[in-house]
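Please look through the briefing below alongside the sequence and the coordinates.

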Amino acid sequence: MTETTTYRLARGIRLRREADGSVLMLVPEGIITLNDTAYAALELADGERPITAIASLLAARFDAPDGALEADVADLFEEFAVRGYLLR
């Protein structure tokens, strides 16, 4: 994975925000509960934005230092890619 690696949701994977504010990833095997940051990162995974751009947008949204979220986003995306939920 490089700084220019892009990801997008795999076919059949959906994100959903419930009425109570909880956020979910719907996968063929079931449901994964996400935190707000993970949900926001996955919403931005459109196959065009690289991880660095997504991390920068999240840093601005969640008032974090620029570059602080890059490793976390990369780890999240890689974990979900290994599971087949994201495509590179």
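Leu44 is buried in this predicted model, because its relative accessible area of 13% falls under the 20% limit that defines burial.

**Surroundings of Leu44**
- Once residues up to four places away in sequence are left out, Leu44 touches Arg49, Ile54, Leu57 and Leu58.
- Leu9 lies 35 residues from Leu44 along the chain, and the C-alpha atoms of the two are separated by 9.8 Å.

- Thr5 is found in the segment that comes before β1 (6-9), and with a relative accessibility of 12% it counts as buried, because burial here means a value under 20%.
- When neighbours within four places in sequence are set aside, the contacts of Thr5 are Arg49, Pro50, Ile51 and Arg88.

**The largest nonpolar core**
- The largest nonpolar core holds 29 residues, and those touching the most other members are Met25, Leu34, Leu58, Val73, Phe77 and Phe80.
- Two or more residues of this core come from each of the strands β3 (23-27) and β4 (30-34) and from each of the helices α1 (36-44), α2 (51-61) and α3 (70-82).
- Val73, with residues up to four places away in sequence not counted, touches Ile51, Ile54, Ala55 and Leu58.

**Fold and overall dimensions**
- The secondary structure of the protein chain consists of three helices and six strands, which follow one another along the sequence in the pattern β-β-β-β-α-β-α-α-β.
- The radius of gyration of the chain is 12 Å, close to the 12 Å given by the globule rule for 88 residues, so the chain is as compact as a globular protein of that length.
- Taken along the principal axes, the box filled by the C-alpha atoms is roughly 35 × 30 × 20 Å.
- Among contacts between residues at least 6 apart in sequence, 48% join residues at least 24 apart.

**Surface and charge**
- Of the 88 residues in the chain, 35% count as buried, while the accessible surface comes to about 5,200 Å², with 47% of that belonging to carbon and sulfur atoms.
- The chain carries 9 positive and 15 negative side chains, and the centres of these two sets lie 10 Å apart.

Key. Residues are numbered from 1 along each chain as its sequence is written. This is a predicted model: local features need pLDDT of at least 70, side-chain atom pairs count only at pLDDT 80 or more; totals for chains, interfaces and linings use all residues. Side-chain values use heavy atoms; hydrogens and water are left out. A nonpolar core is a set of buried Ala, Val, Leu, Ile, Met, Phe, Trp, Tyr and Cys residues joined through side-chain atoms within 4.5 Å. Buried means under 20% relative accessible area, exposed over 50%, partly exposed in between (1.4 Å probe, protein chains only). Helices (H or I, at least four residues) and strands (E, at least two) are DSSP runs, numbered from the N terminus. Contact means heavy atoms within 4.5 Å. The radius of gyration is taken over C-alpha atoms; the globule rule is 2.2 Å times the number of residues to the power 0.38. Accessible areas come from the Shrake-Rupley method with a 1.4 Å probe; for residues, only the protein chains shown count as cover. Lys and Arg count as positive and Asp and Glu as negative; His and the chain ends are not counted. The place of a charge is taken as NZ of Lys, CZ of Arg, CG of Asp or CD of Glu.
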